[in-house]
Amino acid sequence: MTALENPGADPTDALSPVPTWGSRRDLPSVGQIKFWYGPMDCGKSTLALQIDHNLARQGRQGLLLVRHDRSGAPRITSRIGITRQALELEGDTDLRTVVRQAWAQGTHVDYLIVDEAQFLSPCQVEQLGELADEARIDVYCFGIATDFRSRLFPGAQRLFELADVFQPVQVEVLCWCGLPGRFNARVRDDEVLRSGDTVVVADTAAGDAPVEVNPGATRSRTETATIRYQVLCRRHYRLGDLGPTGSGRGQLRLT
Ligand SMILES: [Zn+2]
């Protein structure tokens, strides 16, 4: 019998997918971990908030988490002016407990968004893996891959090892020479520093905001700050060459 002979038949039946052995619907469902990475100022937090917005519009519920937000407060702050409240993670926060507490408050958790994810401990990244696999939570992480020594942050390293997907943030930050900036150089007195603590906290007048990810604040909040960050290409990072202006901008001006 055709659809014409049976007006009550659903004409879309012919297009319905036929379940087959081995089709994806038969596979166990798990969440995915995605890691977006890039140097300072490449728009990671903006992307994090955009993804949160898109997911929320689809009716999904998520938690925003952050380690060492540049504002010094538990929120995700984008340099283009968008801000959302977030839960501040400590070094020993168990992310599974965070999710269980949300459940206990009646909040369904479809996804997690983690900003400044390079500051997660490897153990916390493993907890994200457990949440993805066992609780089917999608995890979206945003962070910097390498520290001022050009070495992977431990959290970023574990994300590269465990994430399902990782990709550079596509907003390119340029070295003063015009090449893509890939390294966050720590600079004092126009000299690129090669050693020291991975995270420098409280070296701005504003208090405890870590300047590892906040060169802008270091420059603007205080005249007395002696450490700042500048994004450089590999060659100029390697040479310690900060460009013709020395203490000038981290980006090439286009005007
Ligand atoms: Zn360069």
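Which residue in strand 6 does L64 stand opposite? That would be I113. Heads-up: this is a predicted model, where local features need pLDDT of at least 70, side-chain atom pairs count only at pLDDT 80 or more, and totals for chains, interfaces and linings use all residues. Residue numbers start from 1 along each chain as its sequence is written.

**Strand 2 and its burial**

- Strand 2 covers residues 62-66; strands here are DSSP runs (E, at least two residues), numbered from the N terminus.
- Five of the five residues in strand 2 are buried, so the strand is largely enclosed by the rest of the structure.
- "Buried" means 20 or more other C-beta atoms within 10 Å of the residue's own, with C-beta atoms placed from the backbone.
- Both faces are covered, with G62, L64 and V66 buried on one side and L63 and L65 buried on the other.

**Pairing partners**

- Strand 2 runs parallel to strand 6 (residues 111-115), and five bridges join them; pairing takes at least two DSSP bridges between two strands.
- Strand 5 (residues 87-88) also runs parallel to strand 2, joined to it by two bridges.
- On that side, L65 has L87 as its bridge partner.

**Y111 in strand 6**

- Y111 lies in strand 6 and is buried, with 20 other C-beta atoms within 10 Å.
- Leaving aside neighbours within four places in sequence, Y111 is in contact (C-beta atoms, placed from the backbone, within 7 Å) with L55, R60, G62, I137, D138 and Y140.
- Y111 and L55 are 56 residues apart along the chain, and their C-alpha atoms are separated by 8.6 Å.

Note on methods. A residue is buried if 20 or more other C-beta atoms lie within 10 Å of its own, exposed if 12 or fewer, and partly exposed in between; C-beta atoms are placed from the backbone. Helices (H or I, at least four residues) and strands (E, at least two) are DSSP runs, numbered from the N terminus. Two residues are in contact if their C-beta atoms, placed from the backbone, lie within 7 Å.
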